[in-house]
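Some notes on the charged side-chain pairs follow. Please read them alongside the coordinates.

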Amino acid sequence: MDGVRVGKRIIGAQSPVTIGWENVPRVEGGRFKQLFFTCFQPAVLFALIAFWYYAPNSIAKASTAVWIGVGFKALLLVMEYFFPRYDSWKLTWKELTTDLFYVGLGYTALRLVDEFIGDGAMIGAIQHALEWDKLAWFVGAPLLVQAFLISFIFDFGQYWMHRGMHNWYPLWLSHSVHHYITQLNINKGAVGNPTELFLIGLGIGGFFDFLPRAALLAGAIGLAVGTYQHINVRFNTPAWWRYLFNTTEHHSLHHSQDFEASRSNYSNTWIVIDRLFGTCVDGEAELLGMEGGRRMSIREQMTYPFTEAWKTMRERFGRAPAAVPAE
């Protein structure tokens, strides 16, 4: 397998990938179907921004955002069932049950932990020790500008955290579990070891006292863009969207069984960050995972970083076996 040269790297030498938007298939069918799958993503984004911008204060709150998120993902699950991108990614009951286990974990135990030792708690402690008056101009910006700044600042931090997870072994142990998924489905973003899910959620946007409404708008941008990373639906994504935002195609390359392809497309929402730092690769992949597509059980996903760390420490620091004396 020769692969394709992208910059200074050879992508696809270990596993088949598609490189270049011109080689990515498009949705076929009647005019309405093509129009629907071309306009769906931008329409949802602009509709959510308009809702949170104009919604009365009585409903513009976090609980409303949660229910909108649940309803939106339920709609996308239905779309996955009727319009799968790849048949090999179709949900089975085993896959669905695993996904829902991690979704429930995120809404319960991980959220409770985040309240005590997450970015909010750490930022609060730092704010008391340092002066942030010089950055006060952020919070005087127009509402939509504040929403963009929250989204971009958070994603900028996630980009470097995610990139660090692929380049520093202790963090990779935590993140590697997520790369054992063998297909993309709407809730696959929640699948991973709890330590990785905690780390990837840390952000620096909380340093600035943005308006609560701006935070809700930023969350809407994340919902209407980042959700598509893990989805088994093909869209005729507009060119401006795939230039600015991360897509299913980008993220499938990141989960490819090809090593070089997996070291690309680290951002969560703004793929333009990858473009700025030379880590963006446009294209897609169907064969995902590690070790040839080996699927992990929930038990192994929960313990893998710790068992692998123990093995590594024993190999590096353990005593060498005593030499057998010659006879």
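1. In this predicted model, E260 and R9 form a side-chain salt bridge, with an N to O distance of 3.4 Å. The pair links distant parts of the chain: R9 sits in strand β2 (residues 9-11) and E260 in helix α12 (residues 259-262), 251 residues apart. E260 has a relative accessible area of 26% and is partly exposed. R9, at 21%, is also partly exposed; the cut-off for buried is under 20%.

2. A salt bridge also joins E284 to R85, where the closest N and O atoms are 2.7 Å apart. E284 belongs to strand β4 (residues 283-284) and R85 to the loop between α2 (62-82) and α3 (93-107), so this contact ties together parts that are 199 residues apart in sequence. E284 is buried, with a relative accessibility of 3%. R85 counts as buried too, at 10%.

3. K188 and D99 make a salt bridge through their side chains, at 3.0 Å from N to O. K188 is in the loop between α7 (169-175) and α8 (194-200), while D99 is in helix α3, so the pair ties together parts 89 residues apart in sequence. Both K188 and D99 are buried.

4. For the overall count, the structure holds 12 salt bridges; among them are E260 with R9, E284 with R85 and K188 with D99.

Notes:
Residues are numbered from 1 along each chain as its sequence is written. This is a predicted model: local features need pLDDT of at least 70, side-chain atom pairs count only at pLDDT 80 or more; totals for chains, interfaces and linings use all residues. Side-chain values use heavy atoms; hydrogens and water are left out. A salt bridge is a side-chain nitrogen of Lys or Arg within 4 Å of a carboxyl oxygen of Asp or Glu. Helices (H or I, at least four residues) and strands (E, at least two) are DSSP runs, numbered from the N terminus. Buried means under 20% relative accessible area, exposed over 50%, partly exposed in between (1.4 Å probe, protein chains only).
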